[in-house]
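Reader: I am new to this structure and would like to go through it slowly. Could you show it to me, and then let me ask about the words used to describe it?

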Amino acid sequence: MTFFIEVLVAGLLAGVMYSLVALGFVLIYKASGVFNFAQGAMVLFAALSFVNFHAWGAPFWLALVLAMGVMVVLALLVERLVLRPLANQPAMSLFMATIGLTIVIEGVGQLIFGSKTHRLDLGIKDVPIEMLGVGISKFDLFAAAVAGSLVLALVLFFNRTATGRALRAVADDHQAAMSIGIPLTRMWRYVWALSGGVALIAGLLWGSRLGVQFGLVVVALKALPVLILGGFTSIAGAIVGGLIIGAAEKLAEVYLGGVIGGGIENWFPYVLAMLFLIARPNGLFGERRIERV
Amino acid sequence: MFYREASQYKTSYGADQQIFPILQDRMGFLALMAIVFVVVPILGNDYWFNGLLIPFLILALATLGLNILTGFAGQISLGSAGFMGVGAFAAYNFVLRVDGLPILASFVLGALCAAVIGVLFGLACLRIKDFYLIVATLGSQFFIEWALTKFGWLTNYSSSGVITAQKIVILGVTFDTPLRRYLLVLGVVTVMALAAKNMMRGAFGRSCMAVRDMDVAAAVIGIRIFRVKLVAFAVSSFYCGMAGALWAFAYVGTVDPEAFGLERSLQILFMAIIGGLGSVMGSFLGAAFIMLLPIVMNLIGSTVSGQAIDTSVVAHVEQIVYGVLIIWLLVVEPGGLVRLWQVGKEKLRLWPFPR
């Protein structure tokens with residue numbers, strides 16, 4: 001039983017890491033209706049720039065600020081060069097453009113920072129601590145705390161600030177938002193910068209767990225089943241979906257993996273999410289679509 | 001003036017229903033066939049067949065498959081490479097385990113296997129659509145990759161997980177030279193492309209387009225949308241499966257499941273989008289563009305840089321240019337390359353009058 005709980009808790013905490021990536025997707029999808037395939041690349045790029053600023057001698061906080069600056073610049077460029085020319089195109093074209101963006105970001109990242117794996121040490125050891133008789137990784141707890149405060153901050157931002165409210169208006173209806181004078185392009189810039197910031201945090205946590213390397217892009221794809229579980233438009237959904245996926249994945253690997261062969265982590269979340277979708281087509285917290293002819 | 005339908009009267013149903021009802025199209029198609037079946041084999045060399053034409057044709061076939069699903073029926077898929085893998089490995093097993101099965105029949109059976117798997121995953125489209133479907137098909141991609149490496153039976157317990165495709169022998173003729181393999185691939189692709197063109201202008205194609213444009217409206221006018229979507233999944237996976245079988249047997253010879261990874265799916269999706277969604281011809285244009293792009297950039301890269309710059313730098317710059325070009329093409333011509341072709345035809349129709 002203790003083993004089961006340990007696996008479950010480890011899975012839940014790993015799920016928090018997926019949620020962090022999924023959050024970035026949700027932010028962009030909410031505000032601009034763009035399915036941002038490049039989120040994984042952004043996570044990698046943010047982590048890469050932080051590690052390199054740090055390696056070039058910048059102290060931790062300065063490196064963090066500089067990396068954030070890089071993400072803001074990226075957001076501005078994306079808005080100006082990709083989103084604005086593609087406004088009013090079908091969502092499919094925008095999705096394709098973000099795949100193109102993924103290729104560009106990966107290329108730029110490798111060109112500037114090289115393609116070797118960088119070590120990243122946040123100073124938190126990945127050692128288990130005893131808690132109610134169950135061993136829990138200290139690092140995972142830290143990641144969960146970060147994710148929790150991030151979500152809290154985001155919820156406050158969306159509910160209490162003018163910009164946050166404007167973003168919610170944009171998410172609800174682009175045209176209605178524009179008609180009451182909300183500058184759409186500026187909101188896009190904000191939200192891309194914001195999700196760049198989320199990507200930075202996710203990148204730091206993932207990077208210190210796995211090393212900052214190009215495999216991070218693939219890890220970030222795991223955020224997709226999290227998204228469909230939680231619904232594309234819900235911040236709470238991203239967190240809950242991440243928890244479910246993380247726990248289910250670890251439990252399946254431990255208990256099912258022996259039966260049908262290991263390595264099922266790669267596809268199990270997707271199949272789980274798919275089966276789930278057949279029951280609830282809009283995810284746990286997604287908005288119900290009403291279709292009219 | 002050059003491209004006018006005027007005064008081309010149809011006097012029989014047959015004439016009215018042919019695939020290319022306009023004389024100029026017919027002539028153009030025959031000329032193209034003459035070039036690819038006669039002129040290219042005479043002029044081409046082994047490098048052209050092996051390095052360019054065979055992979056181009058096979059990827060164009062896979063793109064066509066995706067285009068039927070995404071372009072015509074509006075269901076986005078990121079699993080095309082997985083279905084190629086199913087086709088390749090199923091065809092390999094049919095040849096291996098069924099004695100005396102003609103090789104083309106095993107290709108078809110392999111593609112049918114892909115179609116069945118496609119329908120299984122397509123069942124997800126019962127309830128979900130749009131971007132949710134992308135994730136579902138992404139799941140099929142990862143699942144197939146995993147299954148191909150996991151179950152030794154599929155690769156005949158080869159230790160490295162790699163299969164070596166058998167020789168292609170049809171009616172006593174061995175297709176071993178690049179030229180012969182080119183002609184085989186070309187034959188299959190031509191037949192399947194014509195079939196697709198025919199299918200897409202008929203009842204099925206039109207139902208597909210209705211579902212793509214608005215599925216609720218399609219349901220209201222009496223189209224069984226779920227069946228249409230599933231058939232679209234089946235046909236699309238069949239095309240991809242056939243492309244996979246050809247990839248294994250007529251192109252690379254030895255395949256490992258890695259060849260059918262997510263990268264390939266994305267590449268095929270790019271080909272479909274750049275070429276133009278919802279167009280048979282666009283599949284070929286897109287495939288040609290994406291195939292030629294790295295080669296041209298390689299040439300430019302090596303001439304510009306000479307030996308002075310590190311090769312990895314050139315590779316990364318190429319990657320960046322590739323991504324930028326894709327975004328740029330989406331911005332300037334969202335309809336894809338085939339739109340340029342249509343604009344050209346319109347110009348030819350009006351010439352010498354300006355538009």
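**Confidence, contact and burial**

Author: In this predicted model, chain B averages a pLDDT of 84, and 97% of its residues score at least 70, where pLDDT is the predictor's confidence in each residue, from 0 to 100. Residues are numbered from 1 along each chain as its sequence is written, while chains are lettered from A and ligands numbered from 1 in the order in which they are written. Because the model is predicted, local features need a pLDDT of at least 70 and side-chain atom pairs count only at 80 or more, whereas totals for chains, interfaces and linings use all residues.

Reader: What makes A:Ala273 count as buried?

Author: A residue is buried if 20 or more other C-beta atoms, placed from the backbone, lie within 10 Å of its own, exposed if 12 or fewer, and partly exposed in between. A:Ala273 has 28 C-beta neighbours inside 10 Å and therefore counts as buried. This residue lies in helix H12 of chain A.

Reader: Which residues is A:Ala273 in contact with, leaving aside its neighbours within four places in sequence?

Author: They are A:Pro225, A:Ile228, A:Leu229 and B:Val135, and two residues are in contact if their C-beta atoms, placed from the backbone, lie within 7 Å.

Reader: How many residues of chain A are in contact with chain B, and what makes the chain A side nonpolar, polar or charged?

Author: On chain A, 37 residues are in contact with 33 residues of chain B. The largest share of the chain A side, 14 residues, comes from H4(A). Ala, Val, Leu, Ile, Met, Phe, Trp, Tyr, Cys and Pro count as nonpolar, Asp, Glu, Lys and Arg as charged, and the others, Gly among them, as polar, so the chain A side divides into 27 nonpolar, eight polar and two charged residues.

Reader: What ipTM and pTM does the predictor give the complex?

Author: The predictor gives an ipTM of 0.81 and a pTM of 0.86.

Methods. Helices (H or I, at least four residues) and strands (E, at least two) are DSSP runs, numbered from the N terminus.
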